[in-house]
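Hello,

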Amino acid sequence: MKLTEHFDLSEFVYSETAIRKGIDNYPDNIAITNLLMLCRDVLEPAREEYGKAMIISSGYRCEELNRAVGGAKTSAHLKGLAADIVCSEPKRLYDILAKGKFDQLLWEHAGKTQWLHVSYNPN
């Protein structure tokens with residue numbers, strides 16, 4: 001399911017952890033609506049300006065998957081309102097995202113792996 005020009009629902013539900021543990025990580029209609037807003041209002045405008053691929057390393061997480069990856073109990077990922085993004089120029093993308101609509105914007109890392117976490121509150 002195409003969410004916007006550059007983003008597809010499959011990117012937001014894919015999880016190696018879910019596959020390995022047999023977790024069904026398909027979102028309900030409310031989470032899909034939230035993902036549409038996240039893409040339309042935050043990610044697509046940033047992608048247009050960035051002009052390069054943005055890899056969604058973590059998008060929607062059902063409760064079981066969120067527990068399995070050690071996510072916060074109140075994570076916006078649970079509602080389809082957050083994405084973790086890997087890209088070739090994280091500083092540049094961070095600066096682009098910082099100019100737009102977001103609830104939370106973090107530059108995170110684990111070892112040598114870096115990603116940006118962005119969440120959105122449509123209210």
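Below is what turned up, starting with the sheet and moving on to the helices.

This is a predicted model, in which local features need pLDDT of at least 70, side-chain atom pairs count only at pLDDT 80 or more, and totals for chains, interfaces and linings use all residues. Residues are numbered from 1 along each chain as its sequence is written, and side-chain values use heavy atoms, with hydrogens and water left out.

Four strands make an open antiparallel sheet, ordered β3-β4-β6-β5. (Strands are DSSP runs of E with at least two residues, helices are runs of H or I with at least four, both numbered from the N terminus; two strands pair if DSSP finds at least two bridges between them.) β3 (55–58) and β5 are at the edges with a single partner strand each, so one side of each has no neighbour in the sheet.

Strand β5 (residues 104–110) and strand β6 (residues 113–119) are joined by seven bridges, with Leu105 opposite Val118 in β6. The two form a hairpin with two residues between them, and Gly111 in the turn has a positive phi of about 65 degrees. On strand β4 (residues 82–86), four bridges link to β6, and Ile85 faces Leu116 there.

As for the helices, Val42, Ala46, Glu49 and Tyr50 in α3 meet Arg92, Leu93, Ile96 and Leu97 in α5, where contact means heavy atoms within 4.5 Å.

Enjoy exploring!
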